[in-house]
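Dear colleague,

I am passing a structure on to you with this message, and below it I have set out what was found when it was examined. Please read the notes with the coordinates open beside them.

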Amino acid sequence: MTSPPVQKDIVHCFAEEVTKSVIQETGNDVFGLLVDESADVSDKEQMAVVFRFVDKYGIVKERFVGISHVKETSSLSLKIAIDSLFAKHGLSLKKVKGQGYDGASNMKGEFNGLRSLILKESSSAYYVHCFAHQLQLVVVAVAKKHFEVGDFFDMVSLLLNVVGASCKRKDMLRESYHKKIEEGISNGEIKTGTGLNQELSLQRPTNTRWGSHYRTLLRLVDLFSCIIEVLEYIQDEGVDTTKRRQAYGLLKYFHTFDFAFYLQLTLHILGLTDSLSKALQRRDQDILNAISLVASTKRQLQKLRDDGWDDFLTRVCSFGEKNNTEVLNMDEEFVDSRRPRKKTNISNLHHYKVDCFYTVLDMQLQEFNDRFDEVNSELLVCIASLSPVDSFRQFNKSMLVRMAELYPDDFSFVERVSLDHQLDIYLDNVQRDERFSNLKSLGDLARVMVETKKHISHSLVYRLLKLALILPVATATVERCFSAMNMVLDTMTNETLIKCFKAPPLHDVGQCAVRRTPGSAQYAGRRTPGSAQYAGRRTPGSAWYAECRTPGGVRYSGRRTPSSARYARRRMSGSARYRGRRTPGSARAYGYAIDGLSAYGSAIRGVTPTATPLEDGAPTAPRLLIVAPTTARSPGTVPSVVCLRLRLLRSYQRLKIGSS
């Protein structure tokens, strides 16, 4: 089991069976396609594919299907890789009813992008730009367009380089925070308890995830007094003159009113968008609820703009008084730090409220309206009519009939006419059923319809519901697959991982082919008469043969004599190891003869996986029985076959290959 070829073969078995299980879970029904590409640790471009579908219990799932190496990231190359993956597993692009990618031109291009290439084969595969990526672009746009906000984040980045550049400065920051906590506890200002007052450090944000900037700013607020102490030490005692100048500039900026103002403003905006980002990245999130969350975030930003100035200014002044930073009189004339001698003829209140506060929030709201343009699309307006909120208050029969017309391959003319009649019965049925009274999302509606068997009596409505649910919201699941791939590559090479998903089906597992196939290197070295090892171990007269196989030999008496200790432990019917290995009903004996396959015969390979039903009727994950001769004796004898029962998980996301 420690041999690299054996490990690769077992991992390949996992990949094949899990992928097969995922495809079976889709039930040969429609699904959404999520694709993203990224370079791995070996600088090879990889494409990850995830399916979004509704299972037989009415639950929305996103499952990883496979990774393909692509030499280039053009739309045609990605399309060829997807065609190859679909052909391998017997899938058809006609079943794709939704596409979810990022905003790259090779993905979402209307004429030559991957989106358009798939639409040529499946006209109802509607594309949705990843909501999480759009939110990212909304936040980044403000930082790029507004000068003061961009300058604020540049100074935070410089702070991380100065304070986090050496272990010594990090230790100083931790020690200063530790002293602050001790003083607070002794003064009664800080409470103690399990999980409280944990060690903190400045977290370096990533350029592609602005949620990490929010966590960095939270740490900056908590550690602000400690950071000032470290910067003062670097300024006074630092050896590097460059770092000393940078520490001086940071100290000067951190004591200004601008720093406190933009710190509180970006914290508030990033706090609102961070909650939205986490909600959008949920696997079971439906597009209707995602649009509702986006609208709620926009309303909160508008509310902050209209009525939040007074509370916001109070927070800024409170931070300044607590940390001894500058606090301005809002009625005084504003002085531009870049041109201090030039009169501005405006007050501080006008500058910070109109030119800064209103401007930043207006830019944020404008970006929301420009980026999230799916809200106004005809398809999503139709999907809103399926919402079960407030006892199906938004139900609109004509909109749902129009939605069926947008999927001509899924609803024939006769079915559209039947749907027109079925919708009236459906609405009356669900409104009078108390089980449908408190539903909050389309996912809840699908689940309850399956539980109450109404998906059978209202099959056409349920088909519409599934088409709405498989529309992707975000590509977070695909990106999580890349994160998992990086962890796998810590212990496995890139070629190994790709081989696991692309190699042909395995039939001979284990060491049988290496050790027992005539013509192999180990077979020739161990079992061919005339070879060195054969002569040393199997030829009568050799030293090893005399010790181990000749009655009276030193090792023979210890291993093969009925009165020896080892014989008594392993082969006597009352010993502990005998009960664990050879007694019918024991764990190991169950492994030797699972599913009626006896180990007392020749080696069995390529056994078909089986599934065992649970009490609630849901099947367990498939089991793969791998049988491989691993001892030094001839095939057919009792100890020559070892049966390994591997329980496979239903999804690759739950599969930790590195620890298997």
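In what follows, a residue counts as buried when its relative accessible area is under 20%, as exposed when that area is over 50%, and as partly exposed in between. Please also keep in mind that this is a predicted model.

By that rule Glu 405, with a relative accessibility of 39%, is partly exposed, and Arg 402, at 30%, is likewise partly exposed. These two residues form a salt bridge in which the closest N and O atoms are 3.1 Å apart, and because they are three residues apart in helix α17, they are separated by about one helical turn.

Another of them connects Glu 451 with Arg 447, the closest N and O atoms being 3.4 Å apart; both residues lie in helix α19 (residues 442–451), where four residues, or about one turn of the helix, separate them. Glu 451 counts as exposed, at 53% relative accessibility, whereas Arg 447 is partly exposed at 30%. There is also a network, in which salt bridges with shared partners join Glu 25, Asp 55, Lys 61 and Arg 63.

Turning to the aromatic residues, the search of the whole structure finds 29 aromatic pairs. One of these is formed by Tyr 126 and Tyr 407, which are edge-to-face, with 5.4 Å from centre to centre and 80° between the planes. This pair links distant parts of the chain, since Tyr 126 is in strand β5 (residues 126–129) and Tyr 407 is in the loop between α17 (397–405) and α18 (413–431), 281 residues apart. The two partners can be described separately: Tyr 126 is partly exposed at 23% relative accessibility, while Tyr 407 is buried, with a relative accessible area of 0%.

Phe 131 and Phe 372 make another edge-to-face pair, 5.5 Å from centre to centre and with 65° between the planes. Phe 131 lies in helix α5 (residues 131–145) and Phe 372 in the loop between α14 (348–371) and α15 (378–383), so the pair ties together parts that are 241 residues apart in sequence. Both Phe 131 and Phe 372 are buried.

One aromatic cluster is made up of Phe 257, Phe 261, Tyr 262, Trp 309, Phe 312, Phe 334, Tyr 352, Phe 357 and Tyr 358. The ring of Tyr 358 has the charged end of Arg 305 sitting over it, at 4.4 Å from the ring centre. In a further arrangement of charge and ring, Arg 463 lies over the face of Phe 411, 5.1 Å from the ring centre.

Nonpolar side chains tend to be buried together in soluble globular proteins. Here the largest nonpolar core has 116 residues, of which Phe 131, Leu 231, Phe 261 and Ile 383 touch the most other members. Helix α11 (residues 257–280) supplies the largest share of this core, with 12 residues. Another core lies apart from it and has 24 residues, including Ala 81, Tyr 101, Leu 114 and Ile 118.

Met 47 in β2 stands opposite Glu 37, and on the β3 side the bridge partner of Met 47 is Ser 68. The hairpin of β1 and β2 has five residues between the strands, and in it Asp 43 takes a positive phi near 60°. In the hairpin of β2 and β3, which also has five residues between the strands, the residue with a positive phi, near 80°, is Gly 58.

With best regards

Key: Residues are numbered from 1 along each chain as its sequence is written. This is a predicted model: local features need pLDDT of at least 70, side-chain atom pairs count only at pLDDT 80 or more; totals for chains, interfaces and linings use all residues. Side-chain values use heavy atoms; hydrogens and water are left out. Rings of Phe, Tyr and Trp (its six-membered ring) pair if their centres lie within 6.5 Å; planes under 30 degrees apart count as stacked, over 60 as edge-to-face and the rest as tilted. Helices (H or I, at least four residues) and strands (E, at least two) are DSSP runs, numbered from the N terminus. Buried means under 20% relative accessible area, exposed over 50%, partly exposed in between (1.4 Å probe, protein chains only). A charge sits over a ring if NZ of Lys or CZ of Arg is within 6 Å of the ring centre and within 35 degrees of the ring normal. Two strands pair if DSSP finds at least two bridges between them. A nonpolar core is a set of buried Ala, Val, Leu, Ile, Met, Phe, Trp, Tyr and Cys residues joined through side-chain atoms within 4.5 Å. A salt bridge is a side-chain nitrogen of Lys or Arg within 4 Å of a carboxyl oxygen of Asp or Glu.
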